[in-house]
Every structure is written in structure tokens, then in C-alpha cells.
Amino acid sequence: MSRKTDRIFKSCVVFIGLLLVVGLVAFDLSAMEFEVLPALTDSADNTNLDLAIEWDGTIYLSYVEGGNTLRLWRSEDYCQTWSATYNAYGLDGPIRTALYSAYLDGTVLAYVDSAATRAHANFYNTSDQTYSLWWDATTVGWPSLTGTEASDAPAGFRYFAAFPVIPASTGINNVELYSTDTNAFGWYEIPSPFSGPRYHQAQPSIDFEAGRLHMVCQRWQVGDDHQEIFYSRSEIGDYNEWEPPRKLSTTWDDCRNPRIVGAGNCLIVFWEEDHRATDTDIKYSTTKDGGDTWSGVHVFADGISDEEIIDIYVDN
């Protein structure tokens, strides 16, 4: 591994660690000054917030209002003022969202509403393109978005989206994977490493690094409720070929809600682990060789009294 890659990896771990520590440990911040920003909303219940920042500092913020409306806002002055970019009304909740920033005017918003009979996923990007997918299935979790590396844009750029669904024909949780054509916005299905009749598979998280798609999800055998964390990666440049899933978690406690991020060949996976049926641990595993080998499982935080879906980011 080059010194540069090693430095990137160490920076990623430190950055992720700082983010999670801020969220999990109580600091005394009384000596620091924070700017009070203008409120964006003033009524209704607002949930499922997500944030994306483009190369020029443009910020996009998505959230669900009142359980049936999705809103996307944009700021070009570091959150001082906001303008409405996209609104979707009359949706069937719960509404689950994902926001991904690729390059200028290329931020993609995916959202799933839970119609009673068919799953419905919508895509919108900040070039004012929209696209919809329909399934004879029920969506049972949050979508995950990623894209090919920014250095590939605009030539050869693709978006990818993973959705956890329950097909009506099987009743078994599966992860479905979709991709755009090169430099296009039409979505089509590609093979997923987490589908099949023997396992339930849910809560996918995907990342594109060094020419490969990487995916993690929680997985459990049909007829057995014990949930574990599994990882798989595509072949380099071929997103239709995947390696067999490998287990990352090592405990008999249930493991849920994995998240994967990386920079180059350095990736890190965090997940939640139920512990003694009373609290939750945050655990993680890392790789420095693009997924060839993984470190053992490490504890980042233990004894958290309540669990929420964690999220992590890397500043590349």
C-alpha cells in the first residue's frame, strides 16, 4: 500500500471516529461558539433528513414533511438561505429517502413510498430529470445510493441504487440492485449478491471505490431470526459479477443496520449489535486492500441505551 493510501485510510478512520464520538459522547461545548442558522421549517413533523454537498459547496437537504410530502431544498451560501428545488405530495408513508452527491448538478434523490399493493421508487436529480420504478413487492427499509468515482465524470459516469424488498411471490426479504446507463438517467436492474430463497437480506449499504461496487447488508436464514452482517464486492469494472458474500460479524447477538464507506482500497463497515438484550454496541471492521482481507471486529462504542440507524461519512 502506498503512503498516500495509508494516510487516506487513517484520515478516514479518524474522521469517522470523530463524527460518531460527537454523536455518542457528551462533550462540554460551552467554550465554543456556533452560528445559529435560520430555521428551514416552522410547522408539521419533519423526519428522515439527509444532506449532500456538491463540489462547489452547493448544499442539498431532503426531508419528509407530515408523513406524506417529500421536500428537497438547496443552499448556495452555506445554509444562510434556502430555495425549494423539488416537492412530491400525497405520498403513502412511511417514506424512506436517500440523497447522493456525485458532481456538479448531479445530486440524486431516491425515495420510496409504501403503497399497499406495489413498491414505488422515484428518482430525481438536480438536472431536473425524474424516473420511477415499480415492483410487485413491498419495500421494507431504506434505499442506498452511490456512483462511480468523480474522476470518471462525465465520461463513463453511473449511479447505483440498492433497495430492500419483499417480493409478493416469495415473501422473503431480498436486496435488488439498479444502475443507470453511462451518462443517462434510465435505471435498469443488475444482479444482486444478496438475493435467493435461503436467506432474508435487508438494510443494504453500497459504495463504489477503485472500480468496484461494495455492498453490505444484514442477513438471516429463513426460519432463523439470528441476524448477521455480510459483505460482497463486484468484479472490477463488471457490476454483473459478484463474489460470494462473506460474513463480517462474529457474535451470536443480532447485528443490524450496516453502513459502508471508503476511499480507494480502504473501506470501513460500521453496524449495530444488540447486546444482552438491553442495549446496543457499535462495532466495525476495516480493510486496506479493497476487500481482500478484513480486520477483526472492533468495538467502537458499547452499552448505548437506545438504538438508531447510524450513518457515517468520509471526506475524500
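**Notes on the strands and aromatic pairs**

1. Let's start with β9 (residues 137-139): three bridges join this strand to β11, and the two run antiparallel. Strands here are DSSP E runs of at least two residues, numbered from the N terminus, and two strands pair if DSSP finds at least two bridges between them. A137 has P167 in β11 as its bridge partner. Bear in mind that this is a predicted model, where local features need pLDDT of at least 70, side-chain atom pairs count only at pLDDT 80 or more, and totals for chains, interfaces and linings use all residues. Residues are numbered from 1 along each chain as its sequence is written, and side-chain values use heavy atoms, with hydrogens and water left out.

2. β11 has other partners too. Strand β10 (residues 144-147) pairs with β11 in the antiparallel sense over four bridges, and T146 has F160 as its bridge partner there. Six bridges join β11 to strand β12 (residues 174-180), again antiparallel, with F160 standing opposite S179 in β12. β11 and β12 form a hairpin with six residues between them, and G171 in the turn has a positive phi of about 70 degrees.

3. How much of β11 is buried? Eight of its nine residues are, where buried means under 20% relative accessible area (exposed is over 50%, partly exposed in between; 1.4 Å probe, protein chains only).

4. The largest nonpolar core has 21 residues, and F123, L133, W135, L145, Y159, F163 and W187 have the most contacts inside it. Such a core is a set of buried Ala, Val, Leu, Ile, Met, Phe, Trp, Tyr and Cys residues joined through side-chain atoms within 4.5 Å. β5, β6, β7, β8 and β11 each supply at least two of the core residues, and β11 gives the most, with four.

5. Four of those strands also make an open sheet, in the order β5-β6-β7-β8 with antiparallel pairing. Its edge strands, β5 (96-100) and β8 (129-135), each pair on one side only. The twist averages 15 degrees from one strand to the next, using axes fitted as lines to C-alpha atoms, with angles from 0 to 180 degrees between N-to-C directions. β5 and β6 (residues 108-113) share five bridges, and Y100 stands opposite V108 in β6.

6. On to the rings: there are eleven aromatic pairs. Rings of Phe, Tyr and Trp (its six-membered ring) pair if their centres lie within 6.5 Å; planes under 30 degrees apart count as stacked, over 60 as edge-to-face and the rest as tilted. Y86 and Y124 are stacked, at 4.2 Å centre to centre and 15 degrees between the planes. Y86 lies in β4 (residues 83-88) and Y124 in β7 (residues 119-125), so this pair ties together parts 38 residues apart in sequence. Both are buried, Y86 at 18% relative accessible area and Y124 at 3%.

7. F160 turns up again here: its ring centre is 6.1 Å from that of F208, with the planes at 5 degrees, so the pair is stacked. It links F160 in β11 (residues 159-167) to F208 in β14 (residues 199-209), 48 residues apart, and both residues are buried. Separately, F123, F163, Y178 and W187 form one aromatic cluster.

8. Two arginines are worth a look. The charged end of R96 sits over the ring of W142, 5.2 Å from its centre, and that of R219 over the ring of F230, at 4.9 Å. The criterion is NZ of Lys or CZ of Arg within 6 Å of the ring centre and within 35 degrees of the ring normal.
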